[in-house]
Amino acid sequence: MKLNKIIILACAVIAVRSATAQPANPIAAASNPVVASGTGVTINRGDLDEALASHRAQLMALAPAQQILIQKELLTNLIDSKLVLAKATDADKAAGAKAADLQMTADMENAGSKEAFDMILKTNGVSEAMLRSRLTDQETITVVLQRVLNVNVSDADIKGYYDAHTAEFEQPAMAHISHILIYTVDPTTEAALPESELVMRRRMAESVVKAARAGQDFEALAKQVSEDPGSKALGGDLLPFPRGEMAPEIDSAVFSMTNNQISDVITTSVGYQIIKVLDLVPAKKTSYLTAAQQIKQVLTRQKFGQLATPYLDGLQRAANVQILDPTLSAPTPAM
């Protein structure tokens with residue numbers, strides 16, 4: 001089994017680091033050994049572990065032999081990324097930076113708003129500067145490979161793909177809300193609470209609506225009253241979500257409201273909920289101009305398929321790359 005190098009290459013590049021020297025501290029060297037090296041390239045165990053981080057959940061479900069295979073493929077692509085970036089000219093780097101800017105703009109537009117975009121970055125533990133740097137490396141690799149492999153995608157190719165895959169560029173309406181949950185069931189057993197308790201909790205929910213509509217800070221109310229353990233400390237803030245993802249009663253209420261509006265008490269299967277709409281983004285179709293750069297990447301990688309593998313293998317041979325980790329250098333058993 002051999003994964004397509006180009007498909008993984010753009011993902012692997014985000015973990016490439018600039019460290020090319022052995023750590024001076026022998027203890028540090030022992031804890032972060034070099035797993036592969038060659039002329040102009042050194043990959044430490046930490047580099048590989050970082051590349052593996054986003055695959056941990058999937059790896060846990062695989063057999064040991066499959067886990068080793070994935071590590072080998074990611075290591076190969078880390079090496080390829082460094083070797084290709086070393087071939088980048090100033091013009092390649094400038095083109096990569098420009099393409100990264102366009103991709104950042106497209107990603108922000110796809111998120112629906114700058115606020116939603118920032119929230120997505122925060123959830124994934126990535127800063128805007130870090131994302132821009134990663135995208136720049138990724139786009140620079142694409143530019144270098146386009147140049148050396150002489151791969152070109154025409155405007156007609158891009159427009160043809162856009163017209164033939166319209167569903168891929170349709171975005172549902174998005175909502176960003178805060179909410180307050182008051183349980184009507186036992187959160188552990190999910191058994192319904194006594195009727196007398198429900199009456200009291202309904203009154204509490206109605207009083208929260210009145211207070212919020214009278215101008216009391218919704219975030220403070222959520223921290224004080226909400227019983228949702230996942231959002232209480234955040235003032236009820238939930239990640240942006242598309243129409244159709246929430247329970248029907250929540251979905252129906254949210255997408256009939258306007259920004260900053262406070263809902264009535266909404267009865268759901270688990271409790272009474274009060275919602276404040278922070279931002280609504282209507283359904284839309286990504287414009288051709290916004291999608292063009294992404295489409296070009298897809299088509300370019302398709303054309304790379306037959307040409308890239310022999311070129312990248314040649315770079316590794318020229319750099320005399322050696323895999324130093326015995327587990328990763330051993331032949332892969334038949335699957």
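1. Thr 290 lies in helix α13; helices (H or I, at least four residues) and strands (E, at least two) are DSSP runs numbered from the N terminus. Thr 290 counts as buried because its relative accessibility is 16%. Buried here means under 20% relative accessible area, exposed over 50%, and partly exposed in between, with a 1.4 Å probe and protein chains only. The side chain of Thr 290 makes a polar contact with the side chain of Glu 109 at 3.2 Å. A polar contact is a pair of N or O atoms within 3.5 Å; within protein, one must be able to donate a hydrogen and the other to accept it, and residues adjacent in sequence count only if both atoms are side-chain atoms. Apart from its neighbours within four places in sequence, Thr 290 is in contact (heavy atoms within 4.5 Å) with Ala 106 and Glu 109.

2. On provenance, this is a predicted model: local features need pLDDT of at least 70, side-chain atom pairs count only at pLDDT 80 or more, and totals for chains, interfaces and linings use all residues. Residues are numbered from 1 along each chain as its sequence is written, and side-chain values use heavy atoms, with hydrogens and water left out.

3. Leu 312 is also found in helix α13, which covers residues 288–318. Leu 312 counts as buried because its relative accessibility is 0%. Its C-alpha atom is separated by 9.4 Å from that of Ile 79, 233 residues apart along the chain.

4. The protein has 14 helices and nine strands. Of its 335 residues, 42% count as buried. Among contacts between residues at least 6 apart in sequence, 73% join residues at least 24 apart.

5. Four strands form an open sheet in the order β5-β4-β7-β6, with antiparallel pairing. The edge strands are β5 (241–242) and β6, each of which pairs on one side only. Two strands pair if DSSP finds at least two bridges between them. β4 and β5 are joined by two bridges, and Met 174 has Pro 242 in β5 as its bridge partner.

6. β6 (residues 266–267) pairs with β7 over two bridges, and Ile 266 stands opposite Gln 273 in β7. β6 and β7 form a hairpin with three residues between them. β7 is largely enclosed by the rest of the structure, because eight of its 11 residues are buried.

7. Searching the whole structure gives two cavities of 30 Å³ or more. On a 1 Å grid over the protein atoms alone, a cavity is a set of points where a 1.4 Å probe fits but cannot get out, and lining residues have an atom within 4 Å of a point. Grid points are joined across faces, edges and corners, and a volume is the space filled by probe spheres set on the points. The second largest cavity holds about 40 Å³ of space.

8. The lining of the second largest cavity includes Ala 111, Glu 115, Met 174, His 176, Pro 240 and Asp 279. Elements giving two or more residues to this lining are α7 (114–123), β4 (174–183) and β7 (271–281). β4 gives the most, with three residues. By class, the lining has six nonpolar, two polar and two charged residues. Ala, Val, Leu, Ile, Met, Phe, Trp, Tyr, Cys and Pro count as nonpolar, Asp, Glu, Lys and Arg as charged, and the others, Gly among them, as polar.

Note on methods: 1 Å grid on protein atoms, 1.4 Å probe; cavity = no way out; pocket = protein on both sides within 12 Å on 5 of 7 lines; lining within 4 Å.
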